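Visitor: Could we go through this structure together? I would like to begin with the overall layout and then turn to details.

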Amino acid sequence: MDSKVKQFIESGILETYFTGSATAEEEQEVLSMKQLYPEVKQEFELLEQDMLKLADLMAIPPPPNLWSRIEDGINGITVRKPGHPHPHRESKENNQQASPQQPGYIEVDAQNTHMRVHKVWRWVFAAVFVLGKIFLATAIYFYLENRQAQENIKELKQQLRQTEKEQPR
Amino acid sequence: MKSPINNSTALTKNEHALHTIFNRYGSALLGYIFGVINDKDKAENYLVEIFQLISRFADELLSPGVNTWLRLQQLTKNFLYKGDQPVLSGTDAKFVAAEQSNKFLNLLTADQKHIFCNVYYGNKSIQAIAQEMRKNEDDIKRCLRQALSVMRNGQ
C-alpha cells in the first residue's frame, strides 16, 4: 500500500467523516481520495457498513403507532410562512434542505383522484355497514311474515266461504 | 408549474421512500436519539418530527451515491443541536443512555470514550475537543479511529 494512502487511512479522517465531524474540506478530501485510491474506497465502504452495524446494535424498535403518528403529521402539515421558523430546533440549514426548490411552500396536487380521511371514519363506515345488514334482515323477516299472514287470510276466507255455502242446507 | 401527474408521482415516490427509510433506519435512529437525549418519550417525539421534516425530500436520501444513514444522522444532529450549543435540556447528564445501550463503550479507554461520545452523540467538533483536552487535532482523530477500531472488532 502506498505510504500516502496508508497515512491517509491511519490519520482517522475517514472516522471523522463517518461520525459527521469532518469539515467541508475534509469531506471533499475523503471523497476525492476514495475515487483515486481503491484501498481508500475499500476502507470507506467497510467503515460505512460497520457504522450502520453499530447503529443497528444500539437500535430501539419504535412503538407500533409511531408510523401512523408520522403519517398524521405529514397529512396535517401546514405551510409555514418565510420568517416564521419552526417552534423547535430547526436550523436554517435544515429549512434549506427541507425545501430545496421553494422554501416555505409545499406543492399540493388539487387534481389528485385519491383522498385521505380521518381514521374515525373507519368505525362510522363499519357501523353503517352493520346497521344496513340489520335493516335488510329485518325487512326480509317482515316481508316473509307478511306473506305468511296473507296466505292465512286467504285460507280463512276460503274456509268462511265454504261455511257459508254449507249453512243453507 | 409542474403537471399534476408529475406532482402526484413525486408525492407517491416520496411517501414510498419515507416508508422505506423508516423501516430500515427508524429503530437505529430512535436508538441514536435516545443515546443523545436519554429520554425515550422525547426521543420518539423527535423521531416523528424528524421524519416529518424529511418527508419532502425522502427520495433524495435514497439516491445512488448518498450514504443514507450518515445523512440521516447529520440531519438529526442539526435538529437536536444548534451549532455546538446543545439546545436540549438534560444534556448535562448526557451519554448515560449511550453507555447503557452501547456496550462497546466499556471497551474503550477514558479518552477514547470521551472523544467518541462527544463527536458521535455530542456533535462537538474535533477542534473543540482538541482545545478542551489540550491535544493536537490529529491526535484526536487518531484516538477516534482507535475507538472505532475497538468497537468494530468488538462487533
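This is a predicted model: local features need pLDDT of at least 70, side-chain atom pairs count only at pLDDT 80 or more; totals for chains, interfaces and linings use all residues.

Visitor: How many helices and strands does that give for chain A?

Guide: Chain A has 7 helices and 0 strands.

Visitor: And what share of chain A counts as buried?

Guide: Of its 169 residues, 13% count as buried. As for contacts in chain A with a separation of 6 or more, 50% are between residues 24 or more positions apart.

Visitor: Moving to chain B, in what order do its elements run?

Guide: From the N terminus on, the elements of chain B run α-α-α-α-β-β-α-α-α-α. That corresponds to 8 helices and 2 strands.

Visitor: What about burial in chain B?

Guide: Buried residues make up 41% of the 155 residues in chain B. Among the contacts in chain B between residues at least 6 apart in sequence, 68% join residues at least 24 apart.

Visitor: Let us look at helix packing. How do α6 and α8 of chain B pack?

Guide: Helix α6 (residues 110-120) of chain B packs against helix α8 (residues 137-154) of chain B at an angle of about 95°, and their axes are 9 Å apart. The angle therefore makes α6(B) roughly perpendicular to α8(B).

Visitor: Which residues meet there?

Guide: On the α6(B) side they are Asp111(B), Gln112(B), Ile115(B), Phe116(B) and Val119(B). On the α8(B) side they are Ile140(B), Cys143(B), Leu144(B), Gln146(B), Ala147(B) and Val150(B). By class, the contact of α6(B) with α8(B) divides into 8 nonpolar residues, 2 polar and 1 charged.

Visitor: Why is α6(B) described as largely enclosed?

Guide: It is so described because 9 of the 11 residues of α6(B) are buried, which leaves this helix largely enclosed by the rest of the structure. The buried residues of α6(B) are Gln112(B), Lys113(B), His114(B), Ile115(B), Phe116(B), Cys117(B), Asn118(B), Val119(B) and Tyr120(B).

Visitor: Now α2 and α4 of chain B: at what angle do their axes cross?

Guide: The axes of helix α2 (residues 40-54) and helix α4 (residues 68-80) of chain B cross at roughly 115° and come within 11 Å. The crossing of α2(B) with α4(B) is right-handed.

Visitor: Which residues make that contact?

Guide: From α2(B) there are Tyr46(B), Ile50(B), Leu53(B) and Ile54(B), and from α4(B) there are Leu75(B), Thr76(B), Phe79(B) and Leu80(B). The contact of α2(B) with α4(B) has 7 nonpolar residues, 1 polar and no charged ones.

Visitor: Is Asn38(B) buried or exposed?

Guide: Asn38(B) counts as buried because it has 22 C-beta neighbours inside 10 Å, and the cut-off for burial is 20 or more.

Visitor: Where is Asn123(B) placed?

Guide: Asn123(B) is in the loop between α6 and α7 (126-133) of chain B. Asn123(B), although not a glycine, has a positive phi of about 60°. Asn123(B) is buried, with 23 other C-beta atoms within 10 Å.

Definitions and conventions: Residues are numbered from 1 along each chain as its sequence is written. Chains are lettered from A and ligands numbered from 1 in the order in which they are written. Helices (H or I, at least four residues) and strands (E, at least two) are DSSP runs, numbered from the N terminus. A residue is buried if 20 or more other C-beta atoms lie within 10 Å of its own, exposed if 12 or fewer, and partly exposed in between; C-beta atoms are placed from the backbone. Two residues are in contact if their C-beta atoms, placed from the backbone, lie within 7 Å. Axes are lines fitted to C-alpha atoms, for helices over the stretch in contact, and angles run from 0 to 180 degrees between N-to-C directions. Angles under 35 degrees count as roughly parallel, over 145 as roughly antiparallel, 65 to 115 as roughly perpendicular and the rest as oblique. Ala, Val, Leu, Ile, Met, Phe, Trp, Tyr, Cys and Pro count as nonpolar, Asp, Glu, Lys and Arg as charged, and the others, Gly among them, as polar. A crossing is left-handed if the near helix is turned anticlockwise from the far one by less than a right angle, and right-handed if clockwise.
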